[in-house]
Every structure is written in C-alpha cells, then in structure tokens.
Amino acid sequence: MPDTTTDRNLTPFGRRRFLQAAAGTGTGVAGLLLTGCGDDDDETPPGGTSSPAAGQTPAVKTPKKGGTLVVDAGEPAPDALVYAFNPNNFYLRWALWDTLIIQGADNRPRLALAEKFEMKPDFTGVSIKLRPGLQFHDGRPLTSADVRFSIETFRADTTTSQLKNPGKLITDIKTPDAVTLDITFSAPRPYMEDYFSLLPIVDEKTVADAPKMKTINGSGPFKFTSFTPNQGYVLDRNPNYWDAGKPYLDKIQGRIYSDEQARILALQSGELMHASQVTPAMVKALKSSKDVKVTDGGVGGSWYAGFVVDFPALKDARVRQALTFAIDRKRIANEWAEGAVSPQVLPWPKESPAYIAGDEALLTYDPEKAKSLLKQAGAEGVTIPMDIGQGREGLGQYVQDDWKAIGANAQLNVSEYSAYLERFRTRKVNGAAFIAPMGFSDQMYPATFFEFAQPVRIPNASHYQPDAYKAMLAKIVETDPRSPAGQELLHQWNKLYLVDDPWMAPLAPNNTFFAMRKQVMADPDGARDAPPLSEIWIDA
C-alpha cells in the first residue's frame with residue numbers, strides 16, 4: 001500500500017479518489033485499497049505523527065472482546081439527535097448510525113457502509129456501491145433507496161442541520177439497483193467527501209420517532225435498548241454489524257452526571273470509563289490521576305461570542321469591532337481554560353493549509369482602541385443582552401468583565417441548555433449576543449468548515465449574510481487553499497471576521513479533549529480525535 005501520510009486537513013487536489021474493499025479480505029480497515037492518479041506530493045507536516053526508528057517494531061495489543069463501557073452521556077438533546085451535531089449526543093449518534101465513509105486515521109476517507117466510493121475525475125460527482133447484505137438493526141435491508149432518502153431528508157427545507165447546505169449541492173441521484181448510486185454535484189466539490197463521512201444513513205420508517213428516545217433504528221455498531229430520563233441509556237452490541245468481529249464491546253451504558261465535579265470523581269473512582277465532554281478544568285483536575293488518561297484531539301474550531309448583527313445596538317460595525325478588541329484572550333486561555341489551550345484567534349489547527357500564521361496579529365487585545373470605537377459610534381454605556389446556555393456562564397463572565405472595562409454592559413441571561421440550543425439552531429437567540437463553540441475546521445477539507453460550521457455558513461444565528469460575503473464563500477469553497485488565490489481569499493475572510501465587520505468574536509480555541517480510564521483503548525489515531533466506537537475495547 002502506498003504511503004498515505006498527508007497534510008492533516010487537506011486531501012490533495014487534482015487527484016482522483018477511488019476507494020474499494022479489497023477482494024477476499026472481508027471488511028474493515030484491512031479491506032481498503034486507496035489508489036490515485038497523478039503525482040504523490042504528500043508530506044508529513046511539522047509536529048506530525050512520527051514513525052518508529054529503524055529496526056523498532058511498535059508494540060500492538062490484540063483487541064479483546066466483551067465488557068461494558070460506561071460513558072458520560074450528558075443530558076441527551078433529543079430534538080438534535082438525528083439532524084444536528086450536538087456534543088451531548090456524541091455516543092448516541094456515532095453508535096447508532098453509520099455513514100458511507102469515515103475520516104481515516106491518515107486524514108483520508110475510509111470505507112464504511114460503502115464497498116466502493118469513487119469521486120469523478122473532475123469532482124463533479126461520485127459513484128458509490130454499497131456493501132452486500134447491509135441491514136438496519138430491525139433486520140430490514142439497507143439499500144441505495146435509504147441513502148437517497150437520507151440525502152433528501154437532511155437537505156429538506158423543513159430540516160435544521162449542518163448537512164443541509166452541502167446536500168443542496170447534489171443535483172441528481174441515480175439508483176440503478178439496490179446497491180448502486182451515481183450522484184452528481186452542481187460544480188466541482190472535492191470536499192463532499194466530508195459530507196458523506198458525516199451523513200448518517202437513516203431509516204425512513206422510524207427516523208421521525210427517534211427524538212422520542214423509545215425506538216431508534218440505525219445500522220451502526222450498537223443497537224438502542226433503552227433511555228431513562230435523568231439517568232441515561234443502554235446500547236447493546238449489534239450482532240449483525242457489517243464489519244466482521246466488531247464492535248468489540250458488548251454494551252455501552254450512558255450515565256448522566258449532575259456536574260463537572262461529579263464527572264471527575266466518577267472517572268477517578270472507575271465508575272465512569274470514558275468522557276467526551278471534558279472541560280479545561282477537568283483536564284487540570286485529572287492530570288495527576290494515575291488511572292485516568294486525558295487525550296487532546298487538537299484545535300477543531302473556536303469558542304466565540306456571536307453577535308446578532310440586526311439587533312439595534314449592534315447594527316454599527318464599530319460597536320462589534322469594539323467588543324471584539326476588548327476580549328483578553330490570554331486571560332481566558334490561562335484562567336477559564338486552565339492553561340489547557342493557547343490563545344489563538346484563527347479557528348484552524350496550525351497544521352492546516354488554511355491556517356495563516358501572520359493573520360493571528362490582525363486581532364489583538366486593545367481595550368483603548370475598543371473604547372475609542374464605542375465613542376465614535378456613540379455607544380458608550382451600551383447594553384448587550386446575552387443568551388447563555390447553562391454551563392457556559394463561566395466563560396460568559398470573562399466576556400462580561402472585559403466589556404465592562406470598556407464601558408459596555410453585558411447582561412447574562414442563563415437558561416436551560418436544551419432550550420437555548422433550540423433557539424440557536426433555529427436562529428432565534430434572545431438578545432444581541434450568545435456564546436457557543438464552532439467546529440468542523442479539522443475535517444479532510446478546509447472548505448467543509450465554510451459549508452458546515454453554523455456561525456460561518458449562511459444562514460447563521462448571527463443573521464450575517466451580506467451579498468459580498470455570500471460571494472466570498474462561493475469563491476473560497478471552489479479554490480485550492482494552498483494556492484496563492486486560495487491563501488488570499490482566506491486572508492480576506494480572516495480580516496473580515498476579525499477586524500472589518502465582525503459577527504463573532506473569537507474567545508479561545510475549541511480543542512476536543514477525551515478522558516478515559518487507562519484500560520480503555522481509545523487513543524486518538526492520527527488526524528482523528530478518537531477511533532470509531534466499534535474499535536474501542538477494554539484491556540481488562
């Protein structure tokens with residue numbers, strides 16, 4: 001197999017993508033062939049994964065089958081279970097549903113439900129062949145018609161999903177038989193590989209009932225068994241999973257913990273085995289725990305203060321500029337993030353081709369400039385009501401302090417998280433501003449960020465959609481980010497959102513931390529934050 005090391009966030013452009021399960025090998029990782037046309041210009045970026053020294057063989061443990069993985073369930077967000085990516089639904093989403101391909105450890109696509117996944121030479125479409133014998137948890141065959149339904153339902157006008165916009169780029173779906181699809185895009189779109197790696201294939205007959213948390217029918221490695229409000233859920237091994245011999249675990253048990261301290265104590269005692277929503281404070285508290293390991297998946301976006309640009313007090317860009325210059329990001333990184341992250345204004349991992357190091361200097365902490373801008377706008381003493389979901393008030397207080405220092409009054413209106421989330425998803429936040437994380441900057445293609453990330457794409461919760469911005473996004477997603485033209489477009493976007501016309505103010509990098517007991521084998525593998533749930537096992 002050829003060397004597949006590449007830039008973490010960019011699959012090479014100008015290369016035809018062809019993935020097919022190897023004949024006679026069955027399924028899974030070993031059954032993947034990746035061939036390409038054109039030169040291999042791949043290289044390992046600075047700080048990338050190092051290889052063993054010559055003559056050394058890394059120790060590889062054989063996965064063990066069985067056992068129950070107890071995970072931090074959070075309080076599931078049923079309304080966002082199917083169509084939105086919500087951190088509280090992390091285990092449910094990736095356990096119950098599968099995708100056609102996934103983001104591989106080398107940051108290239110890897111086959112899942114698809115047996116063959118071939119992008120057209122000009123990236124205007126893809127040919128897909130499903131694995132034979134696929135079925136949903138209830139035994140119903142999973143066919144090309146289910147893939148077509150999933151595309152259609154996620155891009156429907158009535159659906160609120162990060163997958164809606166890219167789904168609308170599909171102009172034709174042909175299903176000549178039960179396992180074959182020929183899909184056409186509106187224009188060359190190589191980053192649609194990311195779309196298919198994130199699109200769950202859902203069951204038309206039961207998907208509408210999934211939010212009730214009683215009957216959920218997917219095709220993933222685990223089957224839904226039960227959910228008890230305020231307690232958690234149980235997922236059992238799917239014995240008919242397409243990847244032979246997996247999943248390794250017998251069961252996933254999701255437990256709901258009341259607060260951060262309860263999670264820390266449960267991890268330290270061994271009651272809790274794996275947690276996906278690990279805060280910087282938890283990272284600090286668990287650092288000295290000999291039986292717990294914490295992994296850092298790296299920068300995948302930013303925490304930000306979003307501005308509702310048509311709110312009367314924020315219509316003047318100078319007010320939004322002032323509020324952006326007023327943020328002391330170094331203090332937030334050191335105090336709120338407990339030193340677990342470094343100050344950064346750009347949303348990209350530093351190894352991404354979209355990361356322009358010099359643009360970090362575009363936005364600095366400058367309270368005097370912020371005061372001057374407020375004065376110019378006649379907005380001294382302005383009041384900014386903020387819509388804050390429970391759990392984010394701590395970060396909100398740092399913003400409140402920084403704005404108070406320049407003469408702006410932030411009113412933190414804290415509400416139950418699920419209620420806030422629904423307002424955010426439907427772009428109806430209460431007030432002038434809100435605090436949220438954004439992600440998708442660490443996918444296979446930088447363009448995915450501009451199509452998927454809620455505050456960046458159109459429409460967004462900030463109601464930011466000038467015609468010039470629409471035109472800029474259209475150019476960005478069509479241009480190779482490594483080219484001079486691509487770099488200039490990215491620079492112009494950075495300048496627009498950081499300085500010229502901010503609709504969100506970056507606060508801190510959004511790193512993905514996981515905490516787990518040492519016997520849980522689920523370390524990050526290459527570009528991904530963690531292996532698929534089907535590949536996690538317990539070294540008991």
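A salt bridge is taken here as a side-chain nitrogen of Lys or Arg within 4 Å of a carboxyl oxygen of Asp or Glu. By that criterion the structure holds 30 salt bridges. The model is a predicted one, in which local features need pLDDT of at least 70 and side-chain atom pairs count only at pLDDT 80 or more, whereas totals for chains, interfaces and linings use all residues. Residues are numbered from 1 along each chain as its sequence is written, and side-chain values use heavy atoms, with hydrogens and water left out.

The chain contains 14 helices and 20 strands, these being DSSP runs numbered from the N terminus (helices H or I, at least four residues; strands E, at least two). Of its 540 residues, 56% count as buried, where buried means under 20% relative accessible area, exposed over 50%, and partly exposed in between, for a 1.4 Å probe and protein chains only. Among contacts (heavy atoms within 4.5 Å) with a separation of 6 or more, 71% come from residues 24 or more positions apart.

One of the salt bridges joins the side chains of Arg189 and Glu478, at 3.6 Å from N to O. Arg189 belongs to the loop between strand E9 (180-185) and helix H4 (192-198), and Glu478 to the loop between helix H13 (467-476) and helix H14 (484-500), so the pair ties together parts that are 289 residues apart in sequence. Arg189 is buried because its relative accessibility is 7%; Glu478, at 53%, counts as exposed.

Another salt bridge, between Arg318 and Asp316, has an N to O distance of 2.8 Å. Arg318 is partly exposed at 31% relative accessible area, and Asp316 is also partly exposed, at 26%. Lys495 and Asp500 likewise meet through their side chains in a salt bridge of 2.8 Å, N to O. Here Lys495 has a relative accessible area of 30% and is partly exposed, as is Asp500 at 34%. Elsewhere, salt bridges with shared partners connect Arg110, Asp243, Lys246 and Glu535 in one network.

Phe440 lies in the loop between strand E17 (433-438) and helix H12 (447-452), and Phe452 in helix H12, twelve residues apart. Both residues are buried, Phe440 at 13% relative accessibility and Phe452 at 0%. One aromatic cluster is formed by Trp348, Phe449, Phe450, Tyr464, Tyr469, Trp493, Tyr497 and Trp503.

Arg93 has its charged end over the ring of Phe85, 4.0 Å from the ring centre, and also over the ring of Trp94, 5.9 Å from that centre. Such an arrangement requires NZ of Lys or CZ of Arg within 6 Å of the ring centre and within 35 degrees of the ring normal.

The buried residues of H10 are Leu395, Gly396, Tyr398, Val399, Asp402 and Trp403. Viewed down the axis, these fall within an arc of 155°, so they line one face of the helix, the arc being that of the directions from the helix axis to the C-beta atoms. An α-helix has 3.6 residues a turn, so residues three or four places apart point the same way.

Terms used: Phe/Tyr/Trp six-rings, centres within 6.5 Å; stacked < 30°, edge-to-face > 60°.
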